[in-house]
Amino acid sequence: MDHLPVHLLGWTTRLDSWSAGSSRAPQSMMQELLNASPDHLWGILSNGKVLRLLRDSTALVGSAYVEFDLEAIFGGGDFSDFLLMYALLHASRLELVPKPEKKRRGEAAAAAEDEEDTDDEDADEVEAGSPTAPDELPLTPADCRLEWWRDFAVETGIRSRNLLRDQVAKALNVLGTGFLQNNPALAEAITAGGRRALDDFHHELLRLAYQLIFLFVAEDRDALLAHPGRPGRKATKAETKANQAARERYALYFSTARLRRIASRRKGDHHTDLWQGLVRVLNALGTIGGEPTLALPELGGLYYLPDPDENDQDAQSTRLPGSPEPLRDAKLPNERLLEAVRLLSRVKDKGRTTRVDYRHLGAEELGSIYESLLELVPAREPENELFELKDLVAGNKRKLTGSYYTPSSLIEKLLDTALDPVIERYAASGVPDHLLRINFVDPSCGSGHFLVAAARRIAVRYARMEHGESQPAPELVREAMAKVVRHCVHGVDINPLAAELAKVSLWLESLTSGEPLAYLDDRIKTGNALLGASPAVLERGIPDGAFEKLEGDQQPVVTKLRQQNDQERKGTEQLPFAERVMRTSTAMVRAEAEKVAKIGDHSLAEVRQHARAHRQFEQRPELRHLKRVADVWCASFLWPKHKGAPTAITSNVLRAVEKDEEDSPLADEGAEAMLRDIVRRNQFFHWHLEFPRVFRVEESEGDDVNPETGWQGGFDAVLGNPPWERVKIQKKEWFAARDEEIAAAATASIRDRMIERLATSVDEEGRPNEGDRTLYAEYQSDQRESKGQVTMYRKSGLFPKTGFGDVNTYAVFAEKARQLIGPEGMAGLVLPTGIATDKTTAPFFSDLVETRQMVAVLDMENEEKLFPAVHNQYRFSLFTMAGRDLVERYPSVRLAFRARRPDQLDAREYTLDAEGFKRINPNTQTAPVCENREHLRVLESVHSWVPAFRCSQPMSAGNSHWPVRL
């Protein structure tokens with residue numbers, strides 16, 4: 001078998017470390033060979049103690065192998081593992097043979113049956129089929145049964161992931177119902193708190209599911225329990241013995257492996273001892289020192305229990321009894337807990353029950369499962385205390401099916417153009433720790449898929465530089481990953497559950513023995529990444545665009561306020577410069593943020609100190625004052641403008657707020673409450689105040705000041721797949737969680753009539769139906785805010801290049817990404833291709849081309865269903881931009897169109913400079929859609945001979961307009 005490399009070593013030679021006489025680790029040598037050689041796909045590596053089966057991992061960023069413990073198998077008589085190894089590594093599995101053709105079993109009727117049983121028969125025939133493929137086809141390393149099984153596993157794995165998503169939803173239903181039925185005080189609190197309390201309950205259930213899944217993964221990877229001794233000191237025999245006893249105690253009485261085992265054997269009873277045992281484990285993981293008697297370490301992270309003085313008194317996190325962990329104070333019968341664990345542990349596919357392999361569950365898979373649950377609507381039936389997550393809206397299909405969840409192949413291709421240049425710049429010094437200076441962000445991070453992939457790529461490079469290995473061992477990459485997560489990662493999402501899931505994904509990939517989970521609250525944040533003030537717009541005061549008529553406003557009042565604001569702004573221009581410019585400097589804030597960042601988090605005590613310092617930092621008067629000024633500016637666009645409304649925010653009001661460093665309440669009665677409500681509902685996010693270490697506001701006239709935003713600095717990389725949706729209320733989605741009958745209306749016109757009837761709804765006795773009328777008022781309020789946000793995009797000056805027409809979030813996210821990158825930064829986004837070809841976004845794209853900040857537009861059609869629930873003809877692109885100091889590096893734009901997979905892009909790629917865009921599309925300077933270089937050559941020839949029919953820009957001599965009058 002020349003196609004199968006085998007590397008055998010001595011008994012004492014470690015596979016992941018350098019050996020005597022060699023400067024390379026055996027694992028790295030074998031993995032590098034498989035990645036580099038097209039003639040080798042699988043390989044075997046063994047030192048007699050363990051045996052590894054490796055595979056080419058060029059599509060992964062790391063190693064890919066299955067390991068068997070030979071010492072345990074043959075020394076301990078582990079027959080089940082021996083049987084698995086024998087079945088996997090039998091010589092017939094790796095020999096090269098043609099793949100069997102499917103046997104024909106009749107005509108059309110049999111073909112239909114054949115189609116239904118495709119997956120099952122593929123597996124059977126891979127095992128027992130005889131080669132029938134034509135002999136003339138050359139065999140490749142992929143023509144072995146092991147590779148066929150892998151392909152089959154990938155297909156069934158995708159199906160199993162979708163099944164697990166449904167299982168998780170069912171488990172949350174079981175847990176929710178169990179808690180409600182057995183805790184009257186909890187049920188009463190939800191009744192009293194209404195919708196917000198139910199949402200809090202839903203949040204707590206999801207957090208519990210995150211915690212359980214994390215335990216499953218950590219246990220199955222043998223990465224949870226503490227080891228004997230202390231870092232830098234070898235454990236004594238007594239310590240080793242005590243640790244072994246604690247590990248056995250945990251495995252026998254408290255482990256989730258025990259829970260999963262019990263769940264597979266019996267239904268459970270009404271007692272609550274299993275839940276109490278699980279709560280003890282969860283509490284121990286969040287306690288300083290852990291639980292030595294159970295070998296449980298101090299992890300923190302998603303198990304972190306804040307001290308009372310760490311809780312934000314201004315924002316009550318939950319309306320449920322038993323805060324900050326209300327579910328841990330509640331009762332849960334064994335039968336409910338075991339049913340939920342059973343649902344989380346096993347999936348049934350075509351009648352076969354399969355155990356979920358949490359040991360190899362990656363953060364990407366976990367994210368795709370849980371991100372799809374975030375848009376499910378919690379519902380409660382008070383009579384029987386039943387809890388259920390419902391899918392009531394067709395619009396929720398985006399998240400439910402993972403249709404926009406970015407495949408890893410797309411992310412890796414995007415990182416090639418958007419992150420690798422940044423890594424190369426920092427790695428040029430040859431110092432690994434310089435890579436930890438990279439700051440990257442995903443402004444719509446979701447479950448953290450992009451964050452994990454980018455962090456892993458930096459970690460792999462760090463491990464290579466640190467250890468001199470081209471293919472560092474997974475343990476070394478994981479250690480580097482923990483450092484990268486602690487220093488480089490930033491993320492924002494408007495959904496707090498998504499932000500929390502992003503943290504879980506990062507913690508899963510960076511879990512290292514002996515270290516607590518990184519503190520991420522200061523870098524993974526919740527907020528609306530698009531709605532927030534910048535220093536530049538604050539210095540210009542309140543624009544006239546803030547005074548547009550919204551639902552409930554009165555036009556005469558709006559007009560009068562616009563005129564008043566205009567006069568105030570003109571009056572300000574007559575003042576001395578120092579008095580008319582808003583003071584937005586963040587120098588003091590940045591200095592304090594740097595102090596907080598220097599606090600380590602290598603023990604839970606340090607994490608607690610970091611959390612307390614960060615909380616104190618956010619309460620600092622200077623930071624709160626700057627945020628208040630920025631909030632007031634944003635709120636002016638959404639402020640009600642009618643008779644009887646609180647005094648509206650104009651430029652003079654903004655200036656008064658800016659000068660009042662004591663942050664006194666707004667003078668008009670009710671105005672302060674109105675301001676707080678608008679801020680809470682819209683989650684304004686001011687980037688220079690949320691990340692003051694990344695953005696500096698210190699020198700308004702400096703060479704490195706971004707003229708659009710007024711700040712200095714920025715991120716080294718902005719990455720992500722932002723939402724592709726219009727900025728307006730979708731009525732069907734909005735009513736899904738509030739009135740199922742309206743959401744399920746047959747047509748839009750019927751739905752509109754039902755909504756209008758809410759305003760005058762009466763009960764059977766003719767009295768006003770307060771519930772319906774309150775619902776209508778809430779709907780009108782949300783409609784107003786939606787239109788107010790659109791007004792901010794269009795009229796605030798925040799998005800001068802994309803804030804036009806029927807605003808789509810992907811366009812404004814693209815412009816925001818450009819604003820967020822530093823002078824030498826890169827931005828890479830997955831966007832609809834219209835960003836480069838549509839007339840609406842032409843001002844933005846043409847400006848990128850002219851300033852030579854446009855790097856690449858790599859377009860694909862969804863024919864291969866990379867996004868499963870998106871139409872097959874929908875086109876999207878990998879869109880890469882560069883900072884303003886990199887213009888010399890990118891004189892031309894890389895373009896590719898109509899590919900179906902990332903691996904087809906290179907063959908279709910061509911380049912075009914700014915003059916080329918002007919020659920082909922002189923009016924818009926958008927990207928010409930050419931399928932290859934030859935297509936471009938023909939198109940350029942046509943344009944060189946025939947002028948444009950009509951050109952909005954002056955034409956060069958000899959290239960006149962056609963003699964046509966319009």
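Predicted model: local features only at pLDDT ≥ 70, side-chain atom pairs only at ≥ 80, totals over all residues.
**Entry 1: positive phi**

I started with alanine 295, which sits in the loop between helix 11 (273-285) and helix 12 (334-345). Helices here are DSSP runs of H or I with at least four residues, strands are E runs of at least two, and both are numbered from the N terminus. Residues are numbered from 1 along each chain as its sequence is written, and side-chain values use heavy atoms, with hydrogens and water left out.

Back to alanine 295: its phi is near 60 degrees, a positive value in a residue other than glycine. I checked its accessibility too, and alanine 295 is buried at a relative accessible area of 3%. The cut-offs are under 20% relative accessible area for buried, over 50% for exposed, and partly exposed in between, with a 1.4 Å probe and protein chains only.

Glutamine 683 also has a positive phi, near 50 degrees, and is not a glycine either. I found glutamine 683 in the loop between helix 27 (671-682) and helix 28 (687-690). Glutamine 683 counts as partly exposed, at 24% relative accessibility.

**Entry 2: helix 11 against helix 12**

The axes of helix 11 and helix 12 come within 7 Å and cross at roughly 65 degrees. Those axes are lines fitted to C-alpha atoms over the stretch in contact, and the angle runs from 0 to 180 degrees between N-to-C directions. Helix 11 brings Asp273, Leu274, Trp275 and Leu278 to the contact, and helix 12 brings Asn334, Leu337 and Leu338; contact means heavy atoms within 4.5 Å. I sorted the residues of this contact into 5 nonpolar, 1 polar and 1 charged. For that sorting, Ala, Val, Leu, Ile, Met, Phe, Trp, Tyr, Cys and Pro are nonpolar, Asp, Glu, Lys and Arg are charged, and the others, Gly among them, are polar.

**Entry 3: leucine 435 and the cysteines**

Next I went to leucine 435, in the loop between helix 16 (420-427) and strand 9 (440-442). Leucine 435 is buried, with a relative accessible area of 0%. Setting aside neighbours within four places in sequence, leucine 435 touches Ile423, Tyr426, Ala427, Ile458, Arg461, Tyr462, Met465 and Cys488. I took one of these for a distance: leucine 435 and arginine 461 are 26 residues apart in sequence and 8.4 Å apart in space, C-alpha to C-alpha.

Cys488 made me look at cysteines. Cysteine 488 is buried at 0% relative accessible area, and cysteine 634 is buried at 0% as well. How many disulfides are there? I counted 0 disulfides, taking a disulfide as a pair of cysteine sulfur atoms within 2.5 Å.

**Entry 4: salt bridges**

I counted 62 salt bridges, each one a side-chain nitrogen of Lys or Arg within 4 Å of a carboxyl oxygen of Asp or Glu. I wrote down a few.

Lysine 525 and glutamate 618 pair at 3.9 Å, N to O. Lysine 525 is in strand 11 (residues 524-526) and glutamate 618 in helix 24 (residues 604-618), so this pair ties together parts 93 residues apart in sequence. Lysine 525 is buried, at 8% relative accessible area.

Arginine 590 and glutamate 698 pair at 2.7 Å, N to O. Arginine 590 is in helix 23 (residues 587-597) and glutamate 698 in the loop between strand 12 (695-696) and strand 13 (712-713), so parts 108 residues apart in sequence are tied together. Arginine 590 is partly exposed at 23%, and glutamate 698 is partly exposed at 33%.

Arginine 693 is in the loop between helix 28 and strand 12, so the pair ties together parts 99 residues apart in sequence. I also noted a network in which Glu204, Arg207, Glu325, Arg328 and Glu500 are joined by salt bridges that share partners.

**Entry 5: histidine 40**

I finished on histidine 40, in the loop between helix 1 (26-36) and strand 2 (42-46). Histidine 40 counts as buried, at 19% relative accessibility. Its side chain reaches the backbone oxygen of aspartate 2 at 3.3 Å, and a polar contact of 2.7 Å joins it to the side chain of serine 37. A polar contact is a pair of N or O atoms within 3.5 Å; within protein, one must be able to donate a hydrogen and the other to accept it, and residues adjacent in sequence count only if both atoms are side-chain atoms.
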